[in-house]
Amino acid sequence: MRVALEAPVGEEALFDALIAARERYGDKEILEDQDRKPLTYTGLIRAALVLGRKIAAMTAVGERVGILLPSSMGVVVTYYGLLAHGRVPVMINFTSGERNVKAAIQAAGVKKVLSAKRFVDQAKIHELIEQIETVAEVVWLDDVRKTIGLADKVYGLMAGFAPKRFRVKTDPQSPGVILFTSGSFGAPKGVVLSQANLVANSRQVAQHIALDSDWVAFNPLPTFHCFGLTGGVILPLLQGLKSFQYPSPLHAKQITDLLPQVKASLLFTTDTFLNQWARVAEPDDFRTLQFVVAGAERVRDETRHLFNTEFHGVKLLEGYGATEASPVIAVNHPDRNMPGTVGQILPGMDWRVEEVPGIPEGGRFYVRGPNVMSGYLSPEDPSTIEPLAEGWHDTGDIVEVDDEGYVSILGRVKRFAKIGGEMVSLTAVEGLASAVWPDSRHAVVSIPDTRKGEKLVLVTDRMDADVARLAEWARAHGAPELAVPKKILRVGEVPTLGTGKTDYVAVQILIDSEKAAA
């Protein structure tokens, strides 16, 4: 076991940490989105307390409340509003398919989901809302805001001057958010991160990389992913950086046009999106950036080449994390950038690498620290949190760590693929194929993909199997599009071991042979 640098000390609740940031950095503009009506620290604190009080009137202290919103000032105000009044935000991944969304709501014990009509109309997710309404009440923030009157505004004015007198005092170890790790359509896994976890991770990153409070952080990542929540919202707000929220990473041209307009200094993204943006960007679109942090999936050589040849001077830093670690575990440094690795382990983290039989290099990566989660939600009881044994989180990754603490990701133990930054269970995808063709045998593996990192290949003995049928079933049953294999290899017999289990090594050889013959 190795221990990294000394951890940032002290624990603080998230709303109190926001108040402390105002005291440290002054009442500057700190939050903006595409509506271009920025908020100062005081404006954010007031808005959160006023909106939060409205929501508090229809919920109980400690209640878990769902948030279904895109990256925007609205989601930040709503998130902090819940925390200010002692409620627990549950971030809903509206891209994960109807089945996953409903399962997540039920797994967290959510009774009310906060959303906005404008967003639902723009995203065209009315059918999803209809499904949510079968398991929880949808509260429209548009309507809630219409009820804000003079008395609320007076309350907000006073609360802005002395926010600690108006907020509900909470224990830093109380939940700061509940997120879900599952990127497949299987049962979601609920991660409970304490407020102390999220504050600690922000401080760890700031201790590892010096951040200038005059910078602007641009966040196009959704806050239902921990990278978008911590990196794009909590970190900049607590470190004095103005945070610009953008609702979708899919709007490549709009994003690259906005970056120089808002004088973005720091950009959080994934390799998939960064590659797409680079292909439509003008040479000067990234000129204001100090560096780019890419996580959630491996940064491809193709992406590095684009930045080395087309956008000189922009530092591309690869990092690594897990929802269970709030999420950052390691990240490269602008002055100590080692491409091919995910950087050095953050201050304050214990870690160990255990040998895995049959895997000659590296080992299974375990981490522990102030940023590592309280535990998983119990699948049997939403009110129960299953803690980690002695605080250790098994990442499921095979890694090597050198003498300077640089981490290289060699592979994964569990049968998951990362597609466009989303984790997809190969076992769950096999279940999809079995649901469509229950009388056939199926095996799913992932192979490298230049566009999205990995792609799924279905190997099946069903001779008339086709992608369109899989996609049709997925849509009809609320499964995400990522769970649909884009390539099918039809074989006379799917290889099996003597025990009757699928022989995945032989399956992989079949795919490699087919690729070589193509």
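Visitor: Which residues do ring pairs link into a cluster?

Guide: The model is a predicted one, and in it ring pairs join Phe 15, Tyr 79 and Tyr 80 into a cluster. Phe 15 also belongs to the lining of the largest cavity, together with Ala 13, Asp 16, Leu 83, Arg 167, Val 168, Thr 170 and Gln 195. That cavity holds about 30 Å³ of space, and its lining is made up of four nonpolar, two polar and two charged residues.

Across the whole structure, a search finds 15 aromatic pairs. One of them joins Phe 273 and Trp 277, whose planes stand at 15° with the ring centres 6.4 Å apart, so the pair counts as stacked. Both residues lie in helix H12 (residues 271-280), four residues apart, which is about one turn of the helix, and both Phe 273 and Trp 277 are buried.

Phe 286 and Phe 307 form a tilted pair, because their planes are at 50° while their centres lie 5.2 Å apart. Since Phe 286 lies in the loop between H12 and strand S13 (291-294) and Phe 307 in helix H13 (residues 301-310), this pair ties together parts that are 21 residues apart in sequence; Phe 286 and Phe 307 are both buried.

Rings also meet charges here: the charged end of Lys 189 sits over the ring of Tyr 376, 4.3 Å from its centre, and the charged end of Arg 352 sits over the ring of Trp 392, 4.6 Å from its centre.

Note on methods
Residues numbered from 1 in each chain as written. Predicted model: local features only at pLDDT ≥ 70, side-chain atom pairs only at ≥ 80, totals over all residues. Heavy atoms only, no water. 1 Å grid on protein atoms, 1.4 Å probe; cavity = no way out; pocket = protein on both sides within 12 Å on 5 of 7 lines; lining within 4 Å. Points joined across faces, edges and corners; volume = space filled by probe spheres on them. Nonpolar A, V, L, I, M, F, W, Y, C, P; charged D, E, K, R; others polar. Phe/Tyr/Trp six-rings, centres within 6.5 Å; stacked < 30°, edge-to-face > 60°. Helix = DSSP H or I, 4+ residues; strand = E, 2+ residues; numbered from the N terminus. Buried < 20%, exposed > 50% of the residue type's maximum accessible area, 1.4 Å probe, protein only. Lys NZ or Arg CZ within 6 Å of the ring centre and 35° of its normal.
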